[in-house]
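Here are some questions and answers for a reader new to this structure. The model is a predicted one.

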Amino acid sequence: MSIEVLDESGHDLDVQHLASLSRFVMDRMRVHPMAELCIKAVDEATIAELNEHWMEKEGPTDVLAFPMDELRPGLVDEEPEEGVLGDLVLCPAIAVTQGATAGHGTLAEIELLTTHGILHLLGYDHAEPEEHAEMFGLQDRLLAEWRASPGASE
């Protein structure tokens, strides 16, 4: 897998940790081993500009997902499709606030936002109650598996 993590946020982001988490989530979701993902961490002004331009919403947000080749999770009995998964844009400054509010800290919030964003890139959504239950249940399971894995402590 090709996972590129760019930190332009001004925060001290552990890019290796983020790449390991992303690889873990993509493996668990049976994404093709040659798939590509780019994660960019930016400041609040940059994500606010992107949020307004692409989502037509005002102000900064925590994560934006830009799918490319519309890859979907692979099935057990078939070869997953190769391609570009897409781009994630994260805002660590927002993660600091949200992590404190949620009581689990910044790193856990960045892990949550990364996992959430990858699921969006794979076609999951949470607009409807059933979709919300499925996506957030999957997100919680993936994060629990990640935190129990050896890679989480690297």
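Q: Does Glu111 count as buried, partly exposed or exposed, and what is the relative accessibility?
A: Buried means under 20% relative accessible area. Glu111 is under that cut-off, so this residue counts as buried, with a relative accessibility of 4%.

Q: Which residue forms a salt bridge with Glu111?
A: The pair links distant parts of the chain, 36 residues apart, with Glu111 in helix 4 and its partner in helix 5. The closest N and O atoms are 3.0 Å apart.

Q: How many residues of the contact of helix 4 with helix 5 are nonpolar?
A: Residues in helix 4, including Leu112 and Leu119, meet residues in helix 5, among them Phe136 and Trp146. The contact has 4 polar and 2 charged residues, and the nonpolar ones number 9.

Q: Which residue forms a salt bridge with Lys40?
A: Lys40 lies in strand 2 and the partner in the loop between strand 1 and helix 1, so the pair ties together parts that are 32 residues apart in sequence. The closest N and O atoms are 3.7 Å apart, and the partner is Glu8.

Definitions and conventions:
Residues numbered from 1 in each chain as written. Predicted model: local features only at pLDDT ≥ 70, side-chain atom pairs only at ≥ 80, totals over all residues. Heavy atoms only, no water. Contact = heavy atoms within 4.5 Å. Helix = DSSP H or I, 4+ residues; strand = E, 2+ residues; numbered from the N terminus. Nonpolar A, V, L, I, M, F, W, Y, C, P; charged D, E, K, R; others polar. Salt bridge = Lys/Arg side-chain N within 4 Å of Asp/Glu carboxyl O. Buried < 20%, exposed > 50% of the residue type's maximum accessible area, 1.4 Å probe, protein only.
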